Amino acid sequence: MINLQGKTLLPGFIATHNHAYLRAESMYWVNLAAPSLEGYKQETQAFLATRPDTKQIRGVGWNLKYILE
């Protein structure tokens with residue numbers, strides 16, 4: 001027993017909400033921050049060259065402007 005001398009002790013609050021799956025999912029992310037559709041193509045090809053057995057990829061950081069051109 002600890003005498004807190006009138007102070008309050010609260011239980012530790014732990015965030016039970018997390019996105020652990022994002023770490024695994026990030027293995028399939030292609031960074032599409034390149035400023036053109038051609039840049040997206042090059043980044044995707046470079047990504048696939050280092051992971052030839054990849055069954056899925058996800059482009060992140062892309063700009064809709066370059067897709068709609």
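Predicted model: local features only at pLDDT ≥ 70, side-chain atom pairs only at ≥ 80, totals over all residues.
Q: Where in the chain is the place of W62?

A: W62 sits in the loop between β2, residues 58–60, and α3, residues 64–67. N63 lies in that loop between β2 and α3 as well. N63 has 34% relative accessibility and therefore counts as partly exposed.

Q: Which residues make the nonpolar surface patch?

A: A patch takes in residues with over 30% relative accessible area, and its nonpolar side chains are joined within 5 Å. Here the members are L37, W62, L64, I67 and L68, and the patch covers about 520 Å².

Q: Where are L64 and L68 found, and is each of them buried, partly exposed or exposed?

A: L64 is in helix α3, and its 45% relative accessibility makes it partly exposed, because that value falls between the two cut-offs. L68 is in the segment after α3. L68 is exposed, because its relative accessible area of 65% is over 50%.

Q: How far apart are L64 and L37, in sequence and in space?

A: The two kinds of separation are read side by side. L64 and L37 are 27 residues apart in sequence, and their C-alpha atoms are 10.0 Å apart in space. For L68 and F13, the sequence separation is 55 residues and the C-alpha to C-alpha distance is 46 Å.

Q: Which residues make up the largest nonpolar core?

A: A core is a set of buried nonpolar residues joined through side-chain atoms within 4.5 Å. In this chain the largest one has six residues: V30, L32, A34, Y40, F47 and Y66.

Q: Which residues does Y40 touch, leaving out those up to four places away in sequence?

A: Y40 touches L32, A34, W62, N63, Y66 and I67. Among these, L32, A34 and Y66 belong to the largest nonpolar core along with Y40, while W62 and I67 are members of the nonpolar surface patch.

Q: Where does Q42 lie, and how far is it from L32?

A: Q42 is part of helix α2, which spans residues 37–50. Q42 and L32 are 10 residues apart along the chain, with 9.4 Å between their C-alpha atoms.

Q: How many salt bridges does the structure hold, and which side chains meet?

A: The structure has one salt bridge. The side chains of E25 and R58 form it, at 3.0 Å from N to O. The pair links distant parts of the chain, with E25 in helix α1 and R58 in strand β2, 33 residues apart. E25 is partly exposed at 21% relative accessible area, and R58 is partly exposed at 41%.

Q: What is the phi of Q5, and where is Q5 found?

A: Most residues other than glycine have a negative phi. Phi of Q5 is near 50 degrees, a positive value in a residue that is not glycine. Q5 is found in the segment before α1, which spans residues 20–25. Its relative accessible area is 69%, so Q5 is exposed.

Q: In what order do the elements of the chain run?

A: The chain has three helices and two strands. From the N terminus on, the order is α-β-α-β-α.

Q: How is the radius of gyration of the chain to be read?

A: The value is set against that of a compact globule. For 69 residues, such a globule would have a radius of gyration near 11 Å, but this chain has 23 Å. Along its principal axes, the C-alpha trace spans about 65 × 30 × 15 Å.

Technical notes. Residues numbered from 1 in each chain as written. Heavy atoms only, no water. Buried < 20%, exposed > 50% of the residue type's maximum accessible area, 1.4 Å probe, protein only. Contact = heavy atoms within 4.5 Å. Patch = residues over 30% accessible without salt bridge, like charges linked within 9 Å, V, L, I, M, F, W, Y side chains within 5 Å. Areas by Shrake-Rupley, 256 points an atom, 1.4 Å probe, with all protein chains shown as cover. Salt bridge = Lys/Arg side-chain N within 4 Å of Asp/Glu carboxyl O. Helix = DSSP H or I, 4+ residues; strand = E, 2+ residues; numbered from the N terminus. Rg over C-alpha atoms; globule rule 2.2 N^0.38 Å.
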